[in-house]
Amino acid sequence: MTAARGPRIGVALCTRDGERFVAEQLRSILAQSPAPDALVISDDDSADGTLAIARAEIERADAGPELVWIENRPPLGVTKNFEGAVRAASAASAELIALSDQDDVWHAGRLARATAVFAADPEALLLFTDARIVDAAGVPRGPGLFETLGVSEPELGLVESGNAFAALLRRNIVTGATVVFRRELLDLALPFPETWVHDEWLAIVAAVHGGVRVLRAQTIDYRQHGGNEIGVVEPTLAYRVRRMLEPRGTRNTQLAAKFAELEAWGRRTGVAPSTAASLAAKAGFERARAALPDARLARLPAVIRLAARGLYPRYASQGWLDVLRDLLQPK
């Protein structure tokens, strides 16, 4: 009797000048069981030997997935590169799509763990996991990704209870290199807006629909080597204090633009009224923070009003600490 076939799995691997590590990553992808059915390699105008190394590595494999090669000339940037890659994976009939950076290493069983989650939970749209952080040589650096990012027990509890939306309105805790998602999520999330990074956008859209799931297991080696397109910074106390005292710059206007885009998306797609109200409240909160005066003392009345309404613990990435940031940051 033939065993039932699992979902068709696609991998969206994006590259740019990744010749140092891409071969090791490809070996870890091709060694998965179940094996991916489709592999999209989308290169963003690499000036090194990334594509030649990738082709040679794939040719060495005994058997491999359906291959899709994309070469972006000129480069599109990280988010649009991933958008093209996941579109191609969808076009290759992938039912589950795994995101992949060029410089990581997948642990054995990554895809098996993910497919088990989706098989057991028809409402799951997106799964993310913890990761082991390693250096350029692949040596573990200590705390895992969740601990390094300060992902808290309350945040994980919200995700595990089906309320990832509340956690992600405050801040993103989903790292794209660990993500696997259902193809149906693209029907809700495409096109990726310019104001958002691809993994943040996929996660918040999935969260709006109650579809974010988490595995606390470390399923990849997340390599930090100084040249990452998007890396990770440990939020130590010194780092938080430094963030509070750095000039305001464009951070607040960028947050306001992001959540205005999300609010508009919610209106277009007809999200539930309670969700629309939360999106409007978050967008209004970030808009108010972006409009704070340059003079510190002049900010005090507006910050007090926002704090009195309980908006900082609900919508600010650092909760009450962001009251101090809004009051203390120089122009």
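# Structural briefing: fold, buried contacts and aromatic pairs

Isoleucine 70 is placed in strand 3, which covers residues 66-71. The model described here is predicted. The protein contains 15 helices and 8 strands. Its radius of gyration is 21 Å, close to the 20 Å that the globule rule gives for 331 residues, so the protein is as compact as a globular protein of that length.

**Overall dimensions and packing**

- The C-alpha trace spans about 65 × 40 × 35 Å along the principal axes of the protein.
- Of the 331 residues in the protein, 50% are buried.
- Contacts between residues at least 6 apart in sequence are made up, to 77%, of pairs at least 24 apart.
- The protein exposes about 14,800 Å², and carbon and sulfur atoms supply 55% of that area.

**Isoleucine 70 and alanine 85**

- With neighbours within four places in sequence left aside, isoleucine 70 is in contact with Val40, Ile41, Ser42, Asp43, Gly84, Ala85 and Ala88.
- The C-alpha atoms of isoleucine 70 and glutamate 57 are separated by 17 Å, and these residues are 13 apart along the chain.
- Alanine 85, one of the contacts of isoleucine 70, belongs to helix 3 (residues 78-91).
- Alanine 85 has 0% relative accessibility and therefore counts as buried, the limit for that class being under 20%.
- Beyond its neighbours within four places in sequence, alanine 85 is in contact with Ala12, Cys14, Val40, Ser42 and Ile70.
- Between alanine 85 and cysteine 14, which are 71 residues apart along the chain, the C-alpha separation is 7.1 Å.

**Aspartate 43**

- Aspartate 43 is found in strand 2, which covers residues 38-43.
- Its relative accessibility is 0%, so aspartate 43 counts as buried.
- A polar contact of 2.6 Å links the side chain of aspartate 43 with the side chain of threonine 15.
- Apart from neighbours within four places in sequence, aspartate 43 is in contact with Thr15, Arg16, Thr50, Leu51, Ile70, Glu71, Asn72, Arg73 and Asn81.

**Helix 1**

- Helix 1 comprises residues 22-30, and its buried residues are Val22, Ala23, Gln25, Leu26, Ser28 and Ile29.
- These buried residues of helix 1 pack against strand 1 (9-15), strand 2, helix 2 (50-60), strand 4 (96-100) and strand 5 (105-106).

**Aromatic pairs and charges over rings**

- A search of the whole structure finds 6 aromatic pairs.
- Phenylalanine 285 and tyrosine 315 form a tilted aromatic pair, with 6.2 Å centre to centre and 40 degrees between the planes.
- Phenylalanine 285 lies in helix 12 (residues 273-290) and tyrosine 315 in helix 14 (residues 311-315), so the pair ties together parts that are 30 residues apart in sequence.
- Phenylalanine 285 and tyrosine 315 are both buried.
- One aromatic cluster is formed by Trp196, Trp201, Phe259 and Trp265.
- Tryptophan 196, a member of that cluster, has lysine 258 over its face, at 4.5 Å from the ring centre.
- The charged end of arginine 110 sits over the ring of tryptophan 106, 4.2 Å from the centre of that ring.

**Cis peptide bonds**

- The peptide bond from arginine 73 to proline 74 is cis, and its omega is near 5 degrees.
- Proline 74 is placed in the loop between strand 3 and helix 3.
- Proline 191 lies in the loop between helix 8 (184-189) and helix 9 (198-208).

- Aspartate 17 is not a glycine, yet it has a positive phi of about 50 degrees.
- The loop between strand 1 and helix 1 holds aspartate 17.
- Aspartate 17 has a relative accessible area of 39% and is therefore partly exposed.
- Aspartate 45, likewise not a glycine, has a positive phi of about 60 degrees.
- Aspartate 45 lies in the loop between strand 2 and helix 2.
- With 29% relative accessibility, aspartate 45 counts as partly exposed.

Notes: Residues are numbered from 1 along each chain as its sequence is written. This is a predicted model: local features need pLDDT of at least 70, side-chain atom pairs count only at pLDDT 80 or more; totals for chains, interfaces and linings use all residues. Side-chain values use heavy atoms; hydrogens and water are left out. Rings of Phe, Tyr and Trp (its six-membered ring) pair if their centres lie within 6.5 Å; planes under 30 degrees apart count as stacked, over 60 as edge-to-face and the rest as tilted. Helices (H or I, at least four residues) and strands (E, at least two) are DSSP runs, numbered from the N terminus. Buried means under 20% relative accessible area, exposed over 50%, partly exposed in between (1.4 Å probe, protein chains only). A charge sits over a ring if NZ of Lys or CZ of Arg is within 6 Å of the ring centre and within 35 degrees of the ring normal. The radius of gyration is taken over C-alpha atoms; the globule rule is 2.2 Å times the number of residues to the power 0.38. Contact means heavy atoms within 4.5 Å. Accessible areas come from the Shrake-Rupley method with a 1.4 Å probe; for residues, only the protein chains shown count as cover. A polar contact is a pair of N or O atoms within 3.5 Å; within protein, one must be able to donate a hydrogen and the other to accept it, and residues adjacent in sequence count only if both atoms are side-chain atoms.
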